[in-house]
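Colleague: I'm new to reading protein models, and I'd like to learn how to follow strands, surfaces and charged pairs. Could you walk me through one?

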Amino acid sequence: MTLDPEQTLLVYDDDMDPGELAYRISERAEHPVIRCVLEYPFEDTFYNPDNRPYSSFKNPITWVPPGHDYERPIRNNCGPIRMKGIGGDNGLYYTGCSNDREHYVKGKFNHCWSRQCSRCLNDACLRIGTRIEEHFTVYRLLKEKQGLDPGPLGHWVISPDQKHAKRQMQTHKGFTSMRKGIQDDLMSTGCLGGILMFHPWRQGDEYWDYEPHFHGLLYGFIDTDSFREMNPGWIIKKIHSGQSLESIRNTAAYISTHEGIGIVTKDVEDVNYYERLLAKIYPGIQDGNYRKDNGETGPYGAATGRAFRYTDEDYANEVLGKGRMVGDISWIDWLKFTMNPLHSIIGNNYFGQLSNRSIKTVATESYRVTRTCACCGGPLNVYTGMCDQCGEPATHIFNNTIHMFSADYPRVKPAIAEIRRQIRGTDLKLGDITPKVALVVSMQEVMENIAASKPKVSSHTFQDSAEPRLVA
């Protein structure tokens, strides 16, 4: 995508009221359930009917609701980006259409992108929904390009026996075992793959009740009768049965707004501080099979002479006689070094045919892209306040990853290497070729496919009626 140099000289010639412009820049729409999450009390999730000593819980989990770290926005400076020394709306950075502000205007914000953050919760959930949608679309396109049926996609709710679920969710081992068991039972009853997201609570009339259950975005025909026979007393049902899922992004984002954040506490004996220290000094030492998979001629292979992943800053510090490359580790915050590994957050994982083992990235191309207006096709500009009439083109680095099923890796990897050799020195990119290849799909294809089917909704918020009583 190229930018006409003459278009960079365009200035706004419309007559939008300054007050309206200020409102559009600073307006922060969010899903109504966000207010419920931030304002309603949550029932305590600690469950110990046997009165066991807390010290006997191995790797206990503390479940916290999203958005309840009210100090995080202050620590991470989350919020609108302003020019230094200028307050109010005049100094707000924003992105707008270079032809007409009526087409597109959106303020620019700093984000920590954590669901724990009270200010970033809405946008963090949207980001999660976007990434899940992209991953699901990669799977579907790979299937369709090979002439295979990806299966129907549905939104499911699985409610285990409550006493069993409350016991299992107290420790990392118990929760992992419960989730893995549900995934295995789903796979054996017709599920092809998907993702499970855990809710420790359901909303009651005045607060969030402690009622653990899972939401699943799943491909395949699931035999619910067989699943119930395998798990007596459990409840499994499909949301909006008989209807197709309108938006993966919006549904996943909605689910994540009140998904539990599980913080695992580790014992000091479980942390290898020697290995962590080596990883600080020699970055990349914990890369597992990275060098093995990428070979001697890979970015950090033996043939490059770059044994570890040092940054440009590391090389600059070496010249000054400081930094980890000369044995200086004074930059390490020893309190964080000691405390951070004692706590970790449970993440979601794809399983079945959508697992990260099943779908691999075979190549990546990075290039700069200019953002354009969906209404008129003109470039979007970044403006440093309401007094800025020219702005600068809004661009970003786009990583066009190429994906494939792991089973096709032996055939695809050498073919990709050969294609790269042939197009070296030309204007062609791998992304120009992948639409014609059945075994691979590029992120550019994924984004074009999503854009073609995406409903016209605000980029600030999302809508889903899966649990309408949660919407104020």
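Modeller: Helices (H or I, at least four residues) and strands (E, at least two) are DSSP runs, numbered from the N terminus, and two strands pair if DSSP finds at least two bridges between them. Strands of a sheet pair through backbone hydrogen bonds, either parallel or antiparallel. Before we go on: this is a predicted model, where local features need pLDDT of at least 70, side-chain atom pairs count only at pLDDT 80 or more, and totals for chains, interfaces and linings use all residues. Residues are numbered from 1 along each chain as its sequence is written, and side-chain values use heavy atoms, leaving out hydrogens and water.

Colleague: Okay, how many bridges join E6 to strand E8?

Modeller: Six, and the two strands run antiparallel. Look for Trp-156, which sits opposite Gly-216 in E8. E6 also pairs with strand E9 (residues 235–238), again in the antiparallel sense, over four bridges; there, Val-157 faces Lys-237.

Colleague: Is E6 mostly covered or open?

Modeller: For that we use "buried", meaning under 20% relative accessible area; exposed is over 50%, and partly exposed lies in between (1.4 Å probe, protein chains only). In E6 (residues 153–159), seven of its seven residues are buried. Leu-153, His-155, Val-157 and Ser-159 point one way, while Gly-154, Trp-156 and Ile-158 point the other.

Colleague: In what order do the strands of the open sheet with E13 come?

Modeller: The order is E13-E16-E17, with antiparallel pairing. Strands E13 (359–370) and E17 (441–442) are at the edges with a single partner strand each, so one side of each has no neighbour in the sheet.

Colleague: Now the charged pairs. What does Lys-58 meet in a salt bridge?

Modeller: A salt bridge is a side-chain nitrogen of Lys or Arg within 4 Å of a carboxyl oxygen of Asp or Glu, and the count here comes to 15. Lys-58 meets Asp-267, at 3.1 Å from N to O. Lys-58 lies in the loop between helix H2 (33–39) and strand E1 (61–64), and Asp-267 in the loop between strand E10 (261–265) and H9, so the pair ties together parts 209 residues apart in sequence.

Colleague: Which residue does Lys-145 form a salt bridge with?

Modeller: That's Glu-445, with the closest N and O atoms 3.1 Å apart. Lys-145 is in helix H4 (residues 121–145) and Glu-445 in helix H15, 300 residues apart. Glu-445 is buried at 13% relative accessible area, whereas Lys-145 is partly exposed at 24%.
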